[in-house]
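Subject: A structure for you to explore

Hello,

Here is the structure I promised to pass on. Please open it beside this message and follow along as you read.

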Amino acid sequence: MDRSRLDALAESQFSLLTRAQLVLAGVSDVFIAWRLASDRWRQTYPGVSLTSPGCDDWVMHAMAAVLVCGRGAVLSHRSAGHSLGLVKVAPEVNDVLIPHSRTVSAREGITVRWSPHLPARAAPGGGRPMGAAPEDGRTHRARPGGGGFR
C-alpha cells in the first residue's frame with residue numbers, strides 16, 4: 001500500500017490507523033514505536049493510533065472503539081443514535097456491537113454487546129461502522145483537513 005492510500009484510509013477513519021493496517025501497508029514496528037514515543041501519534045487503545053493528535057473528539061473516540069473491537073464491529077444503541085443525529089448528547093461510554101462468534105477484551109469507555117445477526121465478515125472502515133443503516137445511503141466522512149499518515 002502506498003502512502004496516499006494509507007493517508008486516505010486514515011482520513012476515512014477519523015485520523016486513526018490500527019497496527020494491523022500499518023503492518024499490512026509495510027510500516028515497521030520501529031517506525032510505529034518512534035511515532036508514538038515522539039508524540040507525533042497517540043495510542044487511543046492498544047493497537048489503535050491517532051495519527052493527528054489534537055483531533056480528540058467524540059467521533060474519533062467512537063471510531064477508535066469500533067476499530068479496537070475489530071472485524072465486524074459497529075456502533076450500537078446510544079452511540080449509533082448519536083452518530084446519526086438521533087441522540088443529541090454524546091454518550092460518555094461508546095456502545096459497540098460485535099458478531100456473536102467473536103470475543104473482545106474489556107476496554108475502558110466501551111460497552112460491548114454481541115449479536116447473532118451481525119455478519120462476522122464485515123470489517124471496520126467498511127459496512128458503515130459509525131451506525132448508518134446501509135439502506136439510508138448516508139455515510140460518515142472524516143473531518144475536512146483531518147487525519148492522514150503524517
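Val 74 stands opposite Leu 97 in β5. Before you go further, please keep in mind that this is a predicted model.

Val 74 belongs to β4 (74-75), and two bridges join β4 to β5 (residues 94-99), the two strands running antiparallel. Both are part of an open sheet of three strands, in the order β4-β5-β6, with mixed pairing. Because β4 and β6 (110-115) each have a single partner strand, they stand at the edges, and one side of each is left without a neighbour in the sheet.

Now look for helix α4 (residues 58-69), which packs on the sheet and touches β4, β5 and β6. Its direction makes about 25 degrees with that of β5. Is α4 mostly covered or mostly open? Ten of its twelve residues are buried, so the helix is mostly covered; among them are Trp 58, Met 60 and Leu 67.

Finally, find Ser 79 in helix α5 (residues 77-83). Ser 79 counts as buried because its relative accessibility is 0%, and the cut-off for buried is under 20%. Its side chain reaches the backbone nitrogen of Asp 95 at 2.8 Å. Leaving aside residues up to four places away in sequence, Ser 79 touches Trp 58, Pro 91, Val 93, Asn 94 and Asp 95.

Enjoy exploring!

Key: Residues are numbered from 1 along each chain as its sequence is written. This is a predicted model: local features need pLDDT of at least 70, side-chain atom pairs count only at pLDDT 80 or more; totals for chains, interfaces and linings use all residues. Side-chain values use heavy atoms; hydrogens and water are left out. Two strands pair if DSSP finds at least two bridges between them. Helices (H or I, at least four residues) and strands (E, at least two) are DSSP runs, numbered from the N terminus. Contact means heavy atoms within 4.5 Å. Axes are lines fitted to C-alpha atoms, for helices over the stretch in contact, and angles run from 0 to 180 degrees between N-to-C directions. Buried means under 20% relative accessible area, exposed over 50%, partly exposed in between (1.4 Å probe, protein chains only). A polar contact is a pair of N or O atoms within 3.5 Å; within protein, one must be able to donate a hydrogen and the other to accept it, and residues adjacent in sequence count only if both atoms are side-chain atoms.
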